[in-house]
Amino acid sequence: MTVIKWNVRAGTYYDSVVLMQLQRGLLELDGVIDAGVVMATPANKDLLATNNLLPDTVSANPDDLLIVVKADDDSSAENAINQVDELLTRRKSSSVSEDFRPRSLSAAVKQLPEAHWVLISVPGRYAAGVAREALDLGKHVFLYSDNVSLEDEIALKKTAREKGLLVMGPDCGTAIINGVGLGFANRVRRGDIGVVGASGTGTQAVTAQIHNLGTGISHAIGTGGRDLKSDVGAITAHQALDALKRDDETKVIVLISKPPSPDVATSLISAAQNADKPVVVYFIGYPPPARKIGNLHFAISLSEAAETAVNGNWELVIDKKLPITNYYLRGLFSGGTLAYETLLGLQASLTPIYSNAPITNYQLLDDPLHSRAHTIIDLGDEFFMVGRLHPMIDNDLRIRRMKQEAADPEVGMILFDVVLGEGSHLNPTGELVPAIRAIQASRKDIEFAAMVIGTDDDPQNLQSQISALEEAGVKVFRTATETVEYVSLKFGANKQNQFTPVNLEQLKQPLAAINVGLESFYESLISQGAQAVHVEWKPPAGGNEKMAALLARMKSKK
Amino acid sequence: MDIDNANTTAVNRMMEARPILKSVATAKDVIPGMKDNLFLHAGPPIEWGRMSGPLKGAIIGAMLFEGVAASEAEATKMAERGEVEFDACHHHGAVGPMAGVTSASMKVYVVENVEHGNKSFSNLNEGYGKVLRYGAYSEEVLKKLHWMNDVLGVALADALAASNGIDLRALMSEALHMGDEGHNRNKAGSLLYLKLIAPLIAKTMKDNAAMSEVLQFLGDNALSVLNPVMAACKAMTDAAHGVEGSTIVTTMARNGTDFGIRVSGLGERQWFTAPAEIPVGLFFSGYSQADANPDIGDSAITETAGIGGFAMATAPAIVTFIGGTPKDAMNATLEMYEITFAESKFFTMPSLDFRGTPTGIDIRKVVELGITPRINTGIAHKNAGVGQVGAGLVRPPLAIFEEALVAFAEKYQL
């Protein structure tokens, strides 16, 4: 036996959608067969009547809320009517609404316009496309994804450089921007040490130790492991180094990489020399040219790099008058080892550099009789020794070569060694200085530098040899290390950047980022107090290759 | 060819269209190609045999209304034998809610886009209960239709003739600030419409009793303005159609069997169709999901023009359709920004800091992201004549956007 009960609430208005929801709630109650909850307009009452939910005795006006319940028995009907108020006020606490998760980068950017950083960790074959979109939107990219082609990496980085944007990666594991770790990063306090890292765990090890030593990190900018290969040319590392050089809050820079290509290492070191702040360099597996060249400090391990950055005793002697621009060095050595050590030191900052006694094959001078670019000649090499005395005894060859070099208008500095002691020429400067003065008469722009090896007990009189050189305007050094430092600073200084600088303000703002890919990176950003939006990313066209290819063609069609 | 440029042109034309409700007139006098034995219907073109229950019912009703047939049986036979013609409203600049059936002697709204000069048309809204648009054709339904044609239609025609027309873009913009999204909820817009038309009716109608009936009818029907709004959206989207190289959707429509779309840079009559889905939603007492007919009606023209389901964020009163909380409504609109090309200059939403509604569905984005447009809709009973059984949400099949993309690539040799 079914019963129908109803309830009329005069002058109560609810939107029909709310009432439909209520009706559904009533239907879920035990014993309820059917229910109608409507504003009692004629149309609505007709509807109830059609479904046998309008007993004749019901009297309700259009402004009344009419609740009708058909149930198995009296008490079920009664119970349902009694639950109306509760159902009306019930909040759907069980299903808390989520913030909207955008599906595309462009929507995410609209949601968080202040985000300057996009973290990408989607599968490699999609990563370059997402990165390109991020660059088009004017965002820096942290590209965690690997399996991005070298061609894509180069193209992305070139585009980024033009726009003054960073592409950290691909395969970039870590970065710390303004105190917030991206990807895999340790919780490291803010501080005044900046890091450029082409090695993810290397960067983590160094930044963690800097923290443990009591100081902190301004920014640690990752580059991805391939950045320091010749093909890429350290595009990101150069941009990062330049940014940290300009950043007032960074007092010391640490440069870390797995073995870089030698030419790339040279260009980076030369760029680092332009910094008016100390730079600690650790290129794992790359021979340090010295412990120190000007503002550069070469570390021999990750931990030492961190310690040096924290505890370094900085005496910055940057002679702003130094630059010799667009000229070449010619080093004319009598001592083979001195030539070799000088080359080892200078190859880090002078490029290209050649020698008849090279360290690596590509430095080999085709013709020992003719220098090119920067050149270090070992005149004691057996090539020159045929029918001739050693240059430590006979100055003739060296003087002739000095004249030959001075005749080259591209030469700006001539470096030579003077090795005193038993067996050597008794007054080398007596022959060398007149030759130098003769050259100076026609080439005032050529600088001379000498490395003098000897003791005050040597028969040539060390002091008078040095004085003779100095009186002729020759810069005199006593070790290869000093010589290398001076020469490399002279040639490395004040080169202008060839790219759009990264906007430092974007590094200094509280970090806001868009995450595309691994959700844990998003959660990590949020837990570090950064603003972030996570993109609910899916492969284009749901992985439908045909559609995705079509879309790509339509995008490229401009 | 630059697709983005073409889309900018198309979407700007859509937004800058200025639809003015100019008049009410007899269909065959104003609708291009309209004739006595032609019955227009909602959605893409469809033959009698494939029509769903509500559409067949509405066709039968219209044949009885026109006097073309004397009974249901005769109407059915004539339809089966091809003695009457059918065509999509959309092929004639017209739109109609649900079955959308429009016949030669019915009174229709005439909307003119004064910016670009194109016109659009829509029938008059019948209100609730047993109505033709849900496939009902009883005596009572026909009686109401005749009253609408002879009394209401004439009153509206005279009233509008005494005015400079009603600016529907302004009306819609205002209604969006009053809780309407313009498709499922037109309460505010209908009252605004009543406010604008009532003084004109009072000025032109002589018979006070009839005037009272007309005003009562317009005021009681919270969907009064739906049809002019749909015609306005049609005028806007038609202005955006035919832009070479544009991937913007200019039509979404359903006939109860198929869902169809058209794209600006593709053909005027080039439909991409797939079986319409059954909407999911809330049901009136006594009805359930099992009673629902597949999606039907031209009213998705509102979403095509950037309102309706796309403007959910501004209609918190009806959020229960889509999950229950105002945040869900916001999320619904935010999702639609993902697949649209622009944000409306004129339709804004207070809850999103007066951001413009998502405007101009781009088939490229739909396919790339796999997000289909969300459409708010009434739900028709699958049997003719039962009427509306609920309201809810429906999305078109993704496949038709993929087909459109392929056709686009072929046409433009991409």
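Trainee: Into which domains is chain A divided?

Mentor: Remember first that this is a predicted model. Chain A splits into domain 1 (3-89), domain 2 (105-114 + 124-311) and domain 3 (328-492).

Trainee: How many Å apart are the C-alpha centres of domain 1 and domain 3 of chain A?

Mentor: Those two centres lie 105 Å apart.

Trainee: How many residues of chain A are in contact with chain B?

Mentor: 35 residues of chain A, meeting 34 residues of chain B. On the chain A side, the elements giving two or more residues are α1 (16-27), β2 (32-39), α2 (42-50), α5 (105-111) and α20 (545-556). The top contributor there is α1(A), with 6 residues. By type, that side of chain A has 17 nonpolar, 7 polar and 11 charged residues.

Trainee: Now to a helix. Which residues of α6 in chain B are buried?

Mentor: In α6 (residues 168-176) of chain B, look for Leu168(B), Arg169(B), Leu171(B), Met172(B), Ala175(B) and Leu176(B). Looking down the axis of α6(B), you find its buried residues within an arc of 160 degrees, so they line one face of the helix.

Trainee: What do the buried residues of α6(B) pack against?

Mentor: Both strands and helices of chain B: β1 (19-26), β5 (107-113), β7 (166-167) and β13 (340-349), plus α7 (187-204) and α9 (226-240).

Methods
Residues numbered from 1 in each chain as written. Chains lettered and ligands numbered in written order. Predicted model: local features only at pLDDT ≥ 70, side-chain atom pairs only at ≥ 80, totals over all residues. Contact = placed C-beta atoms within 7 Å. Helix = DSSP H or I, 4+ residues; strand = E, 2+ residues; numbered from the N terminus. Nonpolar A, V, L, I, M, F, W, Y, C, P; charged D, E, K, R; others polar. Domains from an automatic or database assignment. Buried ≥ 20, exposed ≤ 12 C-beta atoms within 10 Å, placed from the backbone. Arc of directions from axis to C-beta.
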